[in-house]
Each structure stands twice: as structure tokens, then as C-alpha cells.
Amino acid sequence: MVELSAPSRLPLPTHGPLAVRARRFAEVARQVLRNPTTVAGLVIIVALLAMAFLAPLLTTPNAPDPYQMPRDWTMRDVPPGTPGHPLGTTSTGGDVFYGVLWGARTSLQLSVIVVSITVTVGIIVGSLAGFIGGKLDEILMRLVDVFLAIPELIFALAIAAVLGPSFSNIIFALAVVFWVKYARIIRGQIIHIKQNDYVDAARVTGDSRFSIYRKDVLPNSITPVMVQATMDMGGIVLTAATLSFIGLAEAGLAEWGVLVSDGQAGISAGRWWASTFPGLMVFLWALAFNLVGDGLRDVLDPRTEGR
Amino acid sequence: MQIREYILRRLMILPLIVVGTSIIVFTLSRVGGNPIAIYLEHEMTPAEVAEIEERYGLNDPLPVQYLAWAGGVLTGDMGWSAVSAQPVTEALLDRVGATLELATFAAIVAITMGVGLGTFGGARRDRLPDHLTRVFSISGASMPIFWFAILLLILFWVNLGWVSIGRSDPIIFATIAHPTGLYTIDALLAGSPSAFLDALRYMALPAITLGFGATAIIARMMRSSLVEELNEDYVDAARAKGLPERLVLRRHARRNALIPTVTVIGLGFGFLLQGTVVVEIIFRWPGLGRWMADAVLRGDQATIMAYVLFTSILFLAVNLIVDVMYAYLDRRVVLGA
Amino acid sequence: MVLVVLAVLAAACTGDTTTETTGADDTTPATTAPGATTTPEDTTPEEPSGEVSNPGLYVHAADDEPLSLDPAQAAAGEAGETVIAQVYERLVEIGPGGPDLIPGLSSEVPTVENGLISEDGLTYTFPIREGVVFHDGSELTADVVKFSWDRALTMALPEGNSSVLSDLVASTEVDGNNFVVTLNERNAAFLNSVVTAAVASIVSQEAVEANGGVEAGAVNDFMTGNMVGTGPYTFSAWNRAENIQLEVFDGYWGEPAALDVRIDQVADTDVRALGLQAGDYDSIETDPTFIDLLEGAEGVTIFSGDFLLEPVHMGMNMNIQADLLPPEDTIPPDFFHDVNVRRGFNLAFDYQAFIDGGLGGLGGVVPHYLPQGMLGYDESLPVFERDLEAAEAAFTEAGYWDEGFTMTVLVEEGGIFEVAGLVLADSMAELNPAFNVQVLAVVEGQFDSAHAEDPFPYAAWVKNADPFADPAALFSAYIHPDGDWGAVHGFRDAYADPDLIASLVDEAAVELDSDRRVEIYQELATLLYEDPVWLIPGNERALMAHRTWIQNFDMNPLWPRPSLKFAYFDK
Amino acid sequence: MTAPAASPPSRATATLVVSVQDLRVHFNVKAGVVHAVDGVSFDVRDGETLGLVGETGCGKTVTARSFLRLVRTPPGIYAGGRIDFWSRDARRTGAGPVDLLSIPDREMLDIRGDRIAMIFQDPGKALNPAMSIGDQVAEVFFQHRSEDLIGDHRQRVPRMVRRASRQVTTGPERIVLRLPPWRSQAASLRRRVDELVAGALAETQIANPRKIMDRYPHELSGGMKQRVMIAQALACNPDLLIADEPTTALDVTIQARILELIADLQQRHGTSVLYISHDLSLVRRMCDRVAVMYAGRIVETGDTDTVFSRPLHPYTRGLMAAVPSASQKRGELVAIEGNVPELVDPPPSCHFHTRCGSAVALCGQVDPELLEFDDSHRVACLAYASAGELGVPDTALPLVERTPR
């Protein structure tokens, strides 16, 4: 009897007509929205995205490069509430308010770019391994194992240290580190789904390998990837901030990590604002995406290990 | 698949992975980085640079260099660690104790908090306490450690003066011998309560900061598996026996929920390992993490290579152990499936 | 005869005038409250405030770990010098306050009239102090001194600083109880810049020979991690990544030190600042960029002494390989060959911004290339000040005003160099939005390896000069068209009249008449104002934040690192 | 709504073990309120076996779980009715019944596993995979027989051991118990439990109990597990045993033996059994009386023979038709059209009318009551109701042939 089984878990959206899948996703959405923490996360995300998109309107973009902090060397370390500097300034006269807003933009760029690269690469590698299998699978998976053997931050640190601290290099470093999990997930899912009958069924009906892949395998594999991607949106920004702290960051960039580590020296001397606000932003960003990812995972697949 | 086979297969793959890792590490140091960056001063003449390159055999072809290095690793000679002005192996041994001790205590913090919060939340599923514990544990994973740590230091060090930073009080440190390099153990061996307390006092803040970060991983797994277990028939069966909820939860549901939770300990350990880099900088913990950060900043490739390789081997080992543990614990699991 | 004395005195004066240069510091308006900066005279009488922590122990928080404790291996300005300066001694030392010389292991400071410097200025005789023992109990003799110098010369480790010896020293001999050095050319800076350098420290021959001896071109692992000297402190322990511990040496021949010393390794700047406020550290490695953040902190005093004799400078690469530059750079290879460009930068730079934002308001502008406090410095010398019209004129003349340019400047991340880079970028953008200066802030390792490449793959960089007590060393290194830097960075293609510059620098280097030297250097300074090869953002002061309870705190302006003589301090 | 069928306690007190009266269990789901159990009434008499039959999802299991209050709330709600229970002592002392739905949890704990025990559908799922068989069975004794465990020399037993015997020890205590002097005491406690456990297992004809006790569930066959479950259930010699489809998860060969075992033990212990099943043939073999359940209601109840020989309710007849029996020639199997309706906020009606061959308009408008057809045989179908009481013309009633076939 349905009432006796646990209500809040759904099977992964299975294949079939779009309508079915659409309904499934609607159901997933409904489930997700029932969890207040997830909703809270979503609200924060919306707020952060709003900040990112409105940044050019709320502040006058710095020329020539708006992602560089505007610095007023005559207004160093002024406290919040100073006219023109609602959140105060840094020790180099950078406007914290500007940094917070454009930091959101930087973070958004960073995480979106890295996630899209890593997901694409992950899907390609994972699919090749999982769907073609055999020797190729063996080789690719050993490669994945190697990459997984080095903890993310440490790997990123080693790479960034070699490449030098430009924004694009940081993106590259993070991409190299983050794609592996997706390859692993996708492959696992494909292996799992290949065993399901309906794929055979599809084969019987004479679908080509690729159309089976497109129609059955991918849609089913995508949900755990969504979960991972959501979480990585947060993780990436956090990792980047950590690299900035260690010293691998583009100079003068409007990036939260940079602002935090530059501003910290002042805290004990009462100049708390330069690091507190950006620090809070990093925290909120990571928290929000983790909450949502967590909620998604609860609904889609409670036992994903997340690696 | 049988446990033995499974472990055997893992053990066979392990060397492959390690070799792969070492190649990546080596490539990073040679292709991208300048292996002697640390010895270079900004007004050195090309002649002097050439001399140093000669000293470190950088004129040989890369494969030769790799074999030389790999051979050295196998024989325990990983070159000279300039950032600590001692042989890499020696430096590694000097520091590994500190990092392992910190990681262990952080793991204890993470597991205790994680299991506690997970059980608490899972047992009150989808009610307010559940949501609060979830937010709390995830906060840990979302906290920029370097920011959080400084706030802690301002409060507990500057304002309250409860803790100091470093690994131990140099004076108390001198009172006992340190055969193991794990100060808590050393203190116990020496039977010196003051040294033990001192070790704990210095450990507390970094361990909590680090452990808090890894709590979420364990808490979420604990929670979700507890929720699953609570839906199992045997829980009702236990109730039908007349066991009070306390026992049903503690002896039946939680015990089973712990088993899958074991699988994420490996993951959590990786999290702790990379966390040490930042935590050790801020709490000036004399461990491997700070060694690495120092090497990265000053371009000491020999150290970076050794650290990354060592860390990944450690990480692999822990994961293998965890899997074996899991296989042993969970009599339901079919390995490799 | 008296010339050398004058030379030394001239240097000495600058040392004695600490109070003036800091006290009446109107040349460099400081944004900081006057009360915040104190001179040695202020600190001495001050009563220790509050309860002293770690009585009997002086704790200094250093920012990075020594790469080596071996005088023959430690590079100039490297962390190891801090410790070497305390445990080892040299024949003559630099006094606590400034660049004036005092006898060290040589019982007298050689001068021409005490006959210890030969008439031709090529032979120096050092009478070795009697009854000095090393920490390992061995005797100090002239032979040990010769051994120490020869050791550095034999090992000749490229990462070390032995070149300052080998460049000048022709031979070393022992004559009874005297140690005699012969130079291959006259050099007015020999005592100040060479004999006092860490690399010229006297080490225990017994200790070295008992531990691997001396081998050409090879590192001595024992000496790298241990120290056996004659100084007021004995080396007791180096706990890697934790601390280095020194103890008062009872058998010291001179005034014994008052406090044991522990040098803690504290990588994080913020944590050092916190530790000072927590009272765990008595002094911390201080970065001017946040010094003002410590003002008024409870029980903390900020010492602000003379100008360091190592100006911050922006280097301009006149030996650019277009294909090596970062892709976004648009400047032509001969960009800096045009004097108008070089002057343009010098005129556009916002010096005040750097002094306030980078040097904590405690710095000054410097004439090329004579830092304040250096022999030959004169306020009347021309100094670049920000003048946007002139800058615009210069760039228009050079033909870059309309299309503008993009240029990457390489700096070391964090600290004053990055700030200087940012100020430069802002200054240029303010002058003309089409002037786009990208600041590439890399970690130390990458900065150094970039500089080890020849040709240097960037258009410009920011760093500071190595400190020298005498202008001769500075000019031959940083101004001479064929000097260390001139050769690599193509100064010859830049100077209007390179040979004139060269001849002047060479002449001054061997001239012993200090009036004449002053003349030459001032002439050079004027020439370089018209035809600059560097941009000098500003001149750092000797800065250090320390607990107020430290008495007799003083700091030597010559080196940022070994400038603390712990032996003088008390709490 | 009153429950005319509910036999007034006065009449049957002596013989009643359980009397369910108008039990209503609902579930909140997003679609609305599901009336899983919608006014169920029946009795279980001392020593008898009552079979509760019906299709899957008709509410049998929920009814059974309600006895031990094992229905999860939320989403479940005990919407009404009572379950009166007379324990052995209650009957001896003549004390009144207790209402299982309203007694405090504390008392419920004492009843569970001691006075009322339950056997679950799937022994594979109902045993804790991470606990040895011995420990799992032992729990029952610790929970309900701690006094016996300590034995008569109670005074000399340390407090901690006594706590251990009631399994209320804390972690540290359990560690201490491993050390002398408690160690020996704890060990002997352990021994006494093991004896009891071994005994209980032996009861269920497990050959070598001692060996089984150290095993883990996954090491045992399905039949073996079910034996363990039974041993665990009967360990304290309960007054009522609820067997929820005890054999459905087992393969046919073992089913028979398990059934025999249950029957046999029931005989010896004189336990009353509430036997839940969807398998009529089993019920016919096992049960003295049978209650047919459909969509949350009892539609027919009576002595097994009577009901089987003369089913009254169209649904019952349908069920029987669906069962292949010896008396039938092959190929005569009749399936019931359609399936059990969703019971979301059902209007007053016969829940079966949607599938009933002889349903009329009225069936969709009134709740048929469970009426006494003849002694020991009741049915809830308008066909047997009196038009007068309902205030409708006879013609409005559905027609069902009184004697099938």
C-alpha cells in the first residue's frame, strides 16, 4: 500500500515520451520545493544572481576592465556608510561594495565556465568509457582513478602554481581537477542503465546505438550530474577563493577570495569590513548551492556518494 | 565477487595509479614549472643558472630525469627540499606526524559531529530540527576556512587568550621526548598530563576548524541512510518485540546506518588533507600542508612533487582501507557490483 | 689620508641623524598620526606596559623559513641572514643605528691613518681579536678567519652571495695575528658592502672540518642546518616550520646579550599581526602595506627609522623580444628606448598614492639613484613629481598618446611590490584611459625564474634594489650600462650617452676622495633625471612593529632582515 | 456510526482475546485522506485462529499493525474505534480489557512481543542484517523476562548487571561489564539468555540452535529465517500471535512446513492467532473462522466452513471463483473485473459496487452494514438488508441468488 512506503523518493526519470519525462521533472520540482532548506538556498541563489546581473547598473563599471577593482588611493580604509562607499574601502582604496557586486559576477563567470567545461568533458569521456566499454573503458577509468587520487585543492594548487595566477589559468586549473567526477558518474549510470531491459527493447526495435544513447541513456544519466554540478558551482568558488588566499590570484581582481585575504590584516585593528563582507559572500554562495544540491540529491538519489 | 578477489584487484591497480600520479606530478614540475625556481635570484647571470641546472641534472632528457627521480623515490631519496633546508625524505618524516595527528583529531571531530547531527536529523526527518542540523553541517562545508579561522583566532587568541598557535608550548615541548612525533601519543608515553593537555589545547582550534568542514559529508550520508534504515521492516520488527524507541534507534537503525556512512570517510579524509594546507598556514601548524604552501609560493618543485605524490598515495591507501572495512562491515554488500 | 675617514664619517652622519630624518619628516607627508611613529630615542625610556609575556625570551615572528643557515649559501636579503647575523660575527660590524662601522672580530676598523689600509687602498689588514672562542670551544685565529673567507670563495655557490667577495678579493693571507686581504681594484665600499656582508661571517673551522669539510660547488648539509660562530648567541635548535632557538652565549667576548631568542615561523601576515597584539610575539616581520593597521593597538609600538638603502624600483626592459611578451601586450620592442616613454612613466606615476597605500605613509621619494641616507644624497637633487601635463607631452612626443598601449608589469604577489604595480596601472589609466597596464602578480618562485631567463620575457617589473651601504655598489649594479642589470636589460640602447654614464660610474667606484664622489654621483643623479632607466616609486623606511615592553629597540636601515641585533634588546 | 456487529463484551468476555470495534485508520496523502481501514469490527476468541482475507491493499496489514500501533503517524491517523484486548491475567483476574489504541506507550511496550507478537511477511527484511540471530532473539527476553534472567539470587546481583538484564546500560557501563569483577556476572547473565534463546529456537524445530545463534540472517535460508521469526514471536508465549502473510515470501515447498509449525505451536501454547492472507486455500486450511476484507471494510465473516461452503457476499464469491480448487475442473477460473478502488474520501456506498455484477443504484449511496445472516455468519451487502429499515422499496435492493451454484 503506497502509504506504507517512504513517500519522498522518486526513481530517476525514466525514458519514454517527453510528456512523461516532463511530468517526472515537474514532480521532482514539487518534491524539491517542499524542503524549506532547499527553498532557502534557491532564494539566496536568486539574490546572488540578481547582484551579479545588476552590478553594472548599481555601480559605474571600472574602465578599462570592469572586473578590476576601482581604487581611490585618497580614500583608503574608510568605514562603511562613507558617502560613495556604502561598505567602506580596502587598504588600497578599493570600494568594497563594488568588489562584492562584481565579485558575484566573477564567481558566476568562473563557476559557470568551469562547470560547463567539466560537464562536457566528463560526459564525453564517461560516455565513451561506459558505452563503448572494453579496453577503452579500462584505460579511461584508470586515467580517472589517477586524477581522483589527488585531492582537488592540492591538484588545483599544483597546477595553478605552475601556470601563474591569471583568471584564465585558474579556470584551467579548476577544469582539469573537476571533470573527473562527471566522467565517473556518467559511466556508472550508463553501465547501470545498459542493463535495464528497455534498452534491450530499444535494440530489438532496431534503434541505432546512438539513438538509444540519445533517447535512453543520456536523459537517465543526467540527474546525478545535475546534482554534482549544483554542488560544484559552490565548490569551485570556494576553491578559487582558497587559491587566492594562498597567493594565486589575479592582482586587483574584483574577486571575493582576493578581497578577504587582503582585508584580513585589518580585522583585529577594527577594520573588519574589508574582509567580512566578501567572506560572507563566499560563504553564502557556497552554502546556497550546497543546500540546493543537497536537496536535489535527496529527491533524485539519496545514496549518491558525491564522488 | 569475493572480498579477497576484490582487494587483490584493487591492490593490482594501485601501483598503476601511483605511477600515473607520479607522471602527472613530474610533468607539472618540468613542463610548466621551473624545477630550480627556488634557487634563482632575480639578478643571477645565465652562467650561474646553468651551473645550478647542471647540479640538479636538468640537462638530461626528460625520461632520464623521470627515471632518476622515480628511482630516488623508491630508494627513499627524493632530493633536497629547499624550503625546509633538509632532504625531502627527512622533511617529510619531520612533518607527516603533525599532519596525521591533526587530520586524525579533525576526523574524530567530523565523525562525532557528523554521526551525531545525521542521527539527530534523520530521526526527526523533515521537521525543524532536521532542517537546522542540515543547514549547520552544510555551513561547515561552505565556510572559507581561512576567513573562519582568523575570526576564531581573534576571539580565542587575541581577545580571550585561551589558546595560542603553533603545535605546542616550546617550554613544555622540551620537557618530554618525542619518539613518535605525535605529541599526544608522546605525552602519553612520557606519562606527562601537562604535555598531553598542552597538545590538546594547541590542537583544539585547528582540529575543530578542519573537522567542521568535513562534518557535512558524513552528516548527510548518516542522515539519508538512517532515513532509509528507519523504513526497513526489521525496525518495525524490533518495535514489535517491545523495544523502546531509544534501543530501536540506537541498536538497530543507527548501527545499520553507520555501515554505508563508512564509505564517505575516505572522501572526508581527502577533504581534511586538502584542508590542512590552509589550516596549517593560519595556525602555523608545522605539517605537510604548510610545507606544500611554502613550496608553491617559493617554487620548490622537489617538495611539491614529493608532497603531491605522498598525499595521493595516502589518500589511495585510506580509500582502500575504507572499502575493505565497508566490505567487512556490510554483510549485505556485493563487492564490485 | 683623511678621505676614507670622511667617507666613513659621511656615512656615519646619516646614521646619527635618525631623529631628524624621522622626526622632522616634512619631505614625506605621512598620513599616519605622528604619535604612532617613534624613534629609538622614544622607545628607550619607555616603561614596559602591562605584564610581560615570555620574560627572559625575545620572540620574533619571521615570515619565512631560512633556505640555509650557511653564510656561504644564504643569499643576500634571505631569511637565513636574520639568524646568521646573530650567531656569526664578521671582522667589522655595522653599528645598531646606522651604516657606521664598529670593530667586530677585528680589534680595529681599518683606516688609512691607522695604517691598516694601504696607501693604494688595495691592501686591508685586520688585527684579529684575542681570546675569542667559538661556541664549540675552538679558538679564533687569523687562520680560521682566512679559512672562513676561502671557504665561501671555494664553495662559490651560485645561490649564495660569494660573488661580492670574489668580485673584489685578489688574495687572502695570514700574517701573524693579522688577516690581510688584497683587492684587485680600489673600492671605497669594501668595508661597508663586503666585509660586513653575511657571506664574510667567520665560521668554526673545527666544526666545518668535522662535518664534511669544504668542497667546491657543493652544499654542506651540516652547515646548512647548523651554526657554530662566535656571536653573542649560540644556535640551539631549528625545529623546521616551527622555530629557531638561540641562547645567550656566556663565553661571549663582548657585552653579553640579555634575552634568549626564539624566531617563530609565521607564514600568514594577519596571524603575525594578531600574535603581536596577543603578546605572543615581541616583534614581527612587518609589511608597510598594513603597518598603519597596527597603529594604536594595545601595547604595540611601531618603530620607524631611517630610509632603507634599497629603493623600490620599477624596471623597464629595453631588451624586449616581441614574441616573448604576453599576447595582450601591444608595445613595440623598442618601447623603452624612447626617453620620452621612460620620462612619461616617471612623470605619470602617483608617488603619494604609493607612499600612502604601499608604505603606510612612512616613505619618501628618491632622486635617481641616490636613496636618502646614502653618500651623495641631497634634497636639492631633482626628484620626479607627478605632472600629468608633462607626462602627456612626453607620451605625445613619443607618439603613443593617441593609439595608447597595453603593457604587462611583473610583480611579486602581495606586499608593496604589488601595490606599486597597481598604483602604476591606475596612474597610467588616469593619465590616459588608452594606457592599459596589466599587473601580473606572481609568487616569488615564478618571479625569480622569470628573471633568471635571458632575455627577460616581460616589458617591466617591480622589485627593490639589493641594499648597499655605498653608492658605488648600487650604481655599478643598477645604473652602469654594462652592469648586472644594464647588460641584461639593454641600458646601452636607452641612454642618450651610455659611455658618459659608464665612465662616471667607473670613476666614482674607484675614487677615494669623497667630495669628488659626491660630485660625480650628484652629476649622475641629474643626468638620470633627464634620462631615467628606472622608475622609483618610493623609498621604504626601516619599519618594525614591536611590543612596547621591549627596551632599546633599534633597527638598522641597511638590511630589512638582519637589521635587528637582538643582543641590544631587553624587556 | 454504531457497530451492531460488535458483540457486547458481556456476552463473550470469557472467550474473547481481542475485540476490534469500528476501527478506522486513515492516511494523509497529497490527494486527500485515504480511508485505509474504514470501520472494521471483528473479534478473536481465545485459542482460535481467525483468518483475515482480502486482496493486496485492502487494509489487512494496516489493521494488523494497528494492534501494536505500528502504523507510522504521520502519515497515518487512528481516526476512530477501539481495540479491546484481554490479556491472560486480565481474563483470570476478570479485570476489564485495555484499549490498545489508547493505552500509554509504556504499557504498549510491555504488550508488544510479550502478550501480542507479530510475524512479518518477509523474514529476510524483518531480521536485522547486522545482528547475530542469538542477539536478536535475546532482546525479547531482556525486554520482557529480565527478572527470570537474574534468577532468585537477586540481591547478590550488582546493580549494573541488573541494568544490563533490562538492556538499559550506557556505553561506558557496557565496557565496565567486560572487566572483572562484573565480567563473570555478565557472562552468566549471557549464558542464561542463551539457554532461553536456544530453547525458543529448538521449539521451532531448528536442528542446532547454538550454531544458528552465532549466524547472521544473510547466512540462513528463507525458511530458517521465518522459523527464527516465529521463535522470536512465541518466545514469551503471547496471548495473540499476528501472522501477516507469513509464507508469501517463501517458496512453496517450505510454506507447508512453516504452516504446520505455526499450527502445531498454536496447539501447544493455546495461542490465539490472527492469520492475515490473500490466499483462500491457506485460510481454509488454517483458520477456525474467517473475516473477508475488501477496501477497508469487513464484507463477510463467519466460521470457515460456513463461509466457504456458503459465501454470501458477491465479493467473497468472486474470490472463491478466482481460486482453483479440487472441486473445479481446470479452465474454470473466474477473475474479478477491475481492481480495488482508491479510497480517497469515499462517499457512503458499498465499496464493491463498482465491480459488483449485481450492483444497483442504491449500492452507490448507502453504507451496507455487517448484518447477522445466521448465527456466526455475517455479511455486509444490501442484498441481505431489510428494505424497511433502510426505508426503500424492496425493488431498490440488489438481487443476489441466496445459494451460489
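Me: How many residues does each side bring where chain C touches chain A?
Reply: In this predicted model, the contact takes 30 residues from chain C and 21 residues from chain A. On the side of chain C, the elements that give two or more residues are helices H10 (269–278), H11 (288–291), H13 (351–357) and H15 (415–431), together with strand S16 (435–442). H15(C) gives the most, with 7 residues.

Me: How do you know how the residues on that side of chain C divide into nonpolar, polar and charged?
Reply: Each residue is classed by its type, with Gly counted as polar and Asp, Glu, Lys and Arg as charged; on this basis the side of chain C that touches chain A has 16 nonpolar, 8 polar and 6 charged residues.

Me: Which chains share the most contacts?
Reply: Of the 5 pairs of chains in contact, chains A and B share the most, and their contact takes 45 residues from chain A and 44 residues from chain B. On the side of chain A, two or more residues come from each of H2, H4 (134–149), H5 (152–163), H8 (209–246), H9 (256–267) and H10 (273–300) of chain A. The largest share of that side, 10 residues, belongs to H10(A), and its residues divide into 26 nonpolar, 11 polar and 8 charged.

Me: What is the distance between the closest C-alpha atoms of chain C and chain D, and how many contacts join these chains?
Reply: The closest C-alpha atoms of chains C and D lie 39 Å apart, and no contact joins the two chains. A contact requires C-beta atoms within 7 Å.

Me: Which residues are in contact with Ala420(C), leaving aside its neighbours within four places in sequence?
Reply: With those neighbours left aside, Ala420(C) is in contact with Val312(C), Met314(C), Phe354(C), Gly358(C), Val411(C), Val462(C) and Pro537(C).

Me: Why is Ala52(A) called the site of a kink?
Reply: The bend compares the axis fitted to the seven residues ending at a position with the axis fitted to the seven starting there; at Ala52(A), in helix H2 (residues 36–58) of chain A, the kink is about 35 degrees, and it lies shortly before the proline Pro56(A).

Me: What makes Thr37(A) and Ile45(A) buried?
Reply: The term requires 20 or more other C-beta atoms within 10 Å of the residue's own, and in H2(A) it applies to Thr37(A), Thr38(A), Gly41(A), Ile45(A) and Ala55(A). Over whole chains, buried residues make up 54% of the 307 residues in chain A and 61% of the 571 residues in chain C.

Me: What helices and strands does chain A have, and what does chain C have?
Reply: Chain A has 10 helices and 0 strands, whereas chain C has 20 helices and 18 strands. Among contacts between residues at least 6 apart in sequence, 73% in chain C join residues at least 24 apart, and for chain A the figure is 70%.

Me: Why are S2(D) and S5(D) called edge strands?
Reply: In chain D, an open sheet of 4 strands has the order S2-S1-S4-S5 with antiparallel pairing, and the strands S2 (32–45) and S5 (98–99) each pair on one side only.

Me: What is the strand order of the open sheet of 8 strands in chain D?
Reply: The order is S6-S7-S8-S3-S9-S10-S12-S11, with mixed pairing. Its edge strands are S6 (116–119) and S11 (371–374) of chain D, and the twist averages 20 degrees from one strand to the next. Within this chain, S10 (residues 297–303) and S12 (residues 377–379) pair in the antiparallel sense over 3 bridges.

Notes: Residues numbered from 1 in each chain as written. Chains lettered and ligands numbered in written order. Predicted model: local features only at pLDDT ≥ 70, side-chain atom pairs only at ≥ 80, totals over all residues. Buried ≥ 20, exposed ≤ 12 C-beta atoms within 10 Å, placed from the backbone. Pairing = 2+ DSSP bridges. Axes fitted to C-alpha atoms, helices over the stretch in contact; angles between N-to-C directions.
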